Amino acid sequence: MPRHRTNDISATTARTVDRRSFLALATGSVLGLAACSPGVATVASSEPTGKLPSGAPPPGTKLAVAVRTTRLQLEPAGLKKDLAFTVSAWPNLTAGPDIIQGFRAQSIDLASNAGIPPIQAKAIGVETKIVAIQVRPRPIYTFATAPGSSIASAADFRGRKIGFSQGQAQGVVVLRALKEAGLKNSDVELVALPSTQFLTALQSGQVDVAPLGEPTLTKYLDQYGKDGAIGLKTDVVDLLTVLWAPVEVLNDPARAAAVRSFVPLWAKGLVWAWENSDEWIDTYYVKDQGVSEADGRRIVSSHHQPQFPVSWDKAIAWEQETADLMAEGGFVPKQDVSDLFDRRFEGLAAESVPAAYRETP
């Protein structure tokens, strides 16, 4: 990346965290500033109206679906024939702030993210609901250090600059890691960056450490491991992967029916990928993400078998703990997350997969 571009990022985007800069960074809009104080109550998400449609969506129903993995799984898993509505677009977006912007612009109807983006959306008044849940009991993020860094454990984070994106799972992973290491947020310098800029920040030394997921971590270490960059593992997990949608989508019976029909395909696609790892490694990691087959196998071997909870009680408790942690840091107002879950969909994903993939209470 040209040096002048790196300097631009350093001057305008990578800045020490404060509440206003974080909400603005995470949403790309000053509209979030009204919600930046923990003492300000946010607008609660309105409840979708009516019973969940049980039949197929009516002909002509369309959704824009930002779930790239499902898109790649449908055909090899033999599920494409079961897609009961028209996908008007498959936006290749995964970052929480980008999805929130897409929801607000009405350009995305359904997406997959970690648990933190719905909390962020509520904090700025974007009304959304979670409609499906996968739990991941193993850590999926590793703290990558900048080339030449002397960091060897989370205890070494004290006084260091850490890449931190409030509106994404990586942000909560940082907060949980600091808490487990006995450090306060004030013991480090949290640098406000979207996760898409973590690599640039590590390479240029703008941050000393940042959480990376796969396959980004492997690509980074392959390039900079020879210069002293390392991947520092912790026990911090990011428990939830969710499907979520704007309330206005779920208030539309036709689109709500389409969402309902998509949830089983999402869950079945994840199970297919687990049971057909060789084909999935080639389809996703090698051809789509550009990593080697060997690295793809190593990445997949670190994953846990997908699990879909029959009851959402544990997931809601986890989400509340996450929201409380964010509120304690002053990043979002204190909120009750129970209204983020559309429990009309509860158990639908679990019911669509074999018993071995269900998490029971």
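User: What should I know before reading the model?

Analyst: The model is predicted: local features need pLDDT of at least 70, side-chain atom pairs count only at pLDDT 80 or more, and totals for chains, interfaces and linings use all residues. Residues are numbered from 1 along each chain as its sequence is written, and side-chain values use heavy atoms, with hydrogens and water left out.

User: Where is confidence lowest and where is it highest in the chain?

Analyst: pLDDT is the predictor's confidence in each residue, from 0 to 100. Here the chain averages 85, and 86% of the residues score at least 70. Helix 1 (residues 3-12) is lowest at a mean of 35, while strand 2 (residues 62-66) is highest at 98. Over residues 1-45 pLDDT stays under 50.

User: How many helices and strands does the chain have?

Analyst: Helices (H or I, at least four residues) and strands (E, at least two) are DSSP runs, numbered from the N terminus. This chain has 14 helices and 13 strands.

User: At what angle do helix 10 and helix 11 pack?

Analyst: Axes are lines fitted to C-alpha atoms, for helices over the stretch in contact, and angles run from 0 to 180 degrees between N-to-C directions. For helix 10 (residues 253-275) and helix 11 (residues 277-286) the angle is about 105°, with the axes 5 Å apart. The two helices are therefore roughly perpendicular (65 to 115 degrees).

User: Which residues of helix 10 and helix 11 meet?

Analyst: Contact means heavy atoms within 4.5 Å. Trp272, Ala273, Trp274 and Glu275 of helix 10 meet Ser277, Glu279 and Trp280 of helix 11.

How values were computed: Parallel < 35°, antiparallel > 145°, perpendicular 65-115°, else oblique.
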